[in-house]
Amino acid sequence: MGELRQLLDFTSSIAAEFLESLPQRPVLPALDVDELRRALGGPLPEETTSPIEVIAELARAADPGIAGMPSGRWFGFVLGGSLPAALAADWLTSAWDQNAGLFAPAPAAAIVEEVAGEWMRELFGLPDGVSFGFVTGCQMAHVTCLAAARHHVLAAHDWDVERDGLFGAPRISVVTGAQRHVTIDRALRFLGFGAAAVDVIPADEQGRIVPEALRSALEQTDGPTIICVQAGEVNTGAFDALDEAADAAAQHGAWLHVDAAFGIWAAAEPSLRHLLTGVERADSWAADAHKWLNVPYDSGLAFCRHPDAHRKAMGAQAAYLIQAEEHGPRDQLDWNPEFSRRARGFPVYAALRSLGRSGVAKLVEQGCAHARRFGEELALLPGCEVLNDVVLNQVLFRFGSDEETEAVLAAVQASGEAWMSGTIWQGRRAIRISVSNWSTTDDDVSRTLAAFAAAVP
Ligand SMILES: *Cc1c(COP(=O)(O)O)cnc(C)c1O
């Protein structure tokens, strides 16, 4: 055991040194991909290498290709870093190496998910008795929720999709907005809905569905229907009118699914709760823990109002498994698409435990406050146009022409001071900032604004 302890101590100092170096490292280093291949590549080794040597060489060789994603100045996509408690719990999760599919062989993993799932249900203001699954990300949360939806809306038309499949089934209509996230389409594809089954309705200038368009699309559909709306558009942070969507869904007997990847966390902050008015009326909710809750990858959450449909869509039985009793603790494999799986409840539990309700609220409000400051101060730079209402943690902006916008973005990225990505918004180039990291400080925002000021011609 002496050698193992030495290895783990050595590894933890490499990890700590990396995290401590974030304020000085370029956020995304300039990449020499050939060099990276040379450093990491070579023939499949014939002989053994000691673990400590493997780790030392891996850390050295990978370093030039490791992005500062946990940095407070990473604003790309919608990422988030890792809260200290969540990172430490994630290490323990690996050391414990529980196969968390079933309750019986891994009881602590199951109970921790039971507890954390219920904590989040309460935090998000979802109804009592919703079921949930801890999945790899919002992508698989969509698959889980929409599989439950598929089951439920077909069962209402006397079709058992789990037994009889989709061939010959009543056709399901899917209604969704023009600015939906691409993972909705991908989930629908996985579930056997062709792209042609999707009825896309227009979005407004913030990316929100137009409620009248939703209503008139529904008037033209009959039969089983699923509506997919969004809480937190990936560029603007905008929220669809959830209450109106819930009214429309109720009127047409449709299933309402909410893509709330990061937006759901606004529920924790009283001043933002109004953005989510009506969210509790949906049938399913897909969210992420690895974005705004700041737990390590992979961590997403699927919630469902109809536990029976959820379980029928996901459940699995086999003679060799030891499955929980009817009223006993749940077996996770009945609620998510994986079979063998990581005990991903531990880091979520640790994050929630370390922050508490007030800490989650503060994390969210702090991200929004930084975003508002970006919005206000970027707008003062020559040629800068902020394109969205900064209602959450996302800021969307551009500088004059597409070429100018690209040049400013490239200069900021190359400075190493901060990293964010570009996008196309309403046909034109734009830059997007997402403030999702727990560790972003006022100084990080100042450094980033200074990098923009220096990049503007
Ligand atoms: C990130 C995101 C997703 C996909 O989530 P993953 O966790 O990457 O699978 C879906 N919808 C929205 C709005 C997102 O921001």
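What volume does the largest pocket have? The largest pocket has a volume of about 1,100 Å³.

## Basis of the model

This is a predicted model, in which local features need pLDDT of at least 70 and side-chain atom pairs count only at pLDDT 80 or more, while totals for chains, interfaces and linings use all residues. Residues are numbered from 1 along each chain as its sequence is written, and side-chain values use heavy atoms, with hydrogens and water left out.

## The pockets

A pocket is an open set of points on a 1 Å grid over the protein atoms alone, with protein on both sides within 12 Å along at least five of seven lines; a cavity is a set of points where a 1.4 Å probe fits but cannot get out, and lining residues have an atom within 4 Å of a point. Grid points are joined across faces, edges and corners, and a volume is the space filled by probe spheres set on the points. Helices (H or I, at least four residues) and strands (E, at least two) are DSSP runs, numbered from the N terminus.

The largest pocket is lined by 39 residues, and A15, F18, L19, I66 and P70 lie nearest its centre. Two or more lining residues come from each of α1 (2-21), α3 (51-62), α4 and α14 (442-455). The largest share, 7 residues, belongs to α1. By class, the lining has 22 nonpolar, 9 polar and 8 charged residues. Here Ala, Val, Leu, Ile, Met, Phe, Trp, Tyr, Cys and Pro count as nonpolar, Asp, Glu, Lys and Arg as charged, and the others, Gly among them, as polar.

The second largest pocket has a volume of about 420 Å³. Its lining is made of 28 residues, with V78, H181, V182, V234 and K291 nearest the centre. Helix α6 gives the most to this lining, with 3 residues.

## The cavities

The whole structure holds 2 cavities of 30 Å³ or more. The largest cavity has a volume of about 60 Å³ and is lined by 13 residues. Strand β4 supplies the largest share of this lining, 3 residues. The second largest cavity has a volume of about 40 Å³. Its lining divides into 4 nonpolar, 7 polar and no charged residues.

## The sheet and its helices

An open sheet of 7 strands has the order β1-β7-β6-β5-β4-β2-β3, with mixed pairing. Two strands pair if DSSP finds at least two bridges between them. The edge strands, β1 (131-135) and β3 (198-201), each pair on one side only. Strands β4 (residues 225-230) and β5 (residues 255-259) run parallel and are joined by 5 bridges.

Helix α5 (residues 107-124) lies across β1 and β7 (300-304), at about 115° to β1. Helix α6 (residues 138-155) lies across β1, β4, β5, β6 (284-288) and β7, at about 180° to β5. Axes are lines fitted to C-alpha atoms, for helices over the stretch in contact, and angles run from 0 to 180 degrees between N-to-C directions. Contact means heavy atoms within 4.5 Å.

## Two residues

E113 is found in helix α5. Is E113 buried or exposed? E113 is buried, because its relative accessible area is 0%. Among the residues that E113 touches are F132, F134 and R330.

S94 is found in helix α4 (residues 84-96). S94 counts as partly exposed because its relative accessibility is 42%. Buried means under 20% relative accessible area, exposed over 50%, and partly exposed in between (1.4 Å probe, protein chains only).

Terms used. Lists of a residue's contacts leave out its neighbours within four places in sequence.
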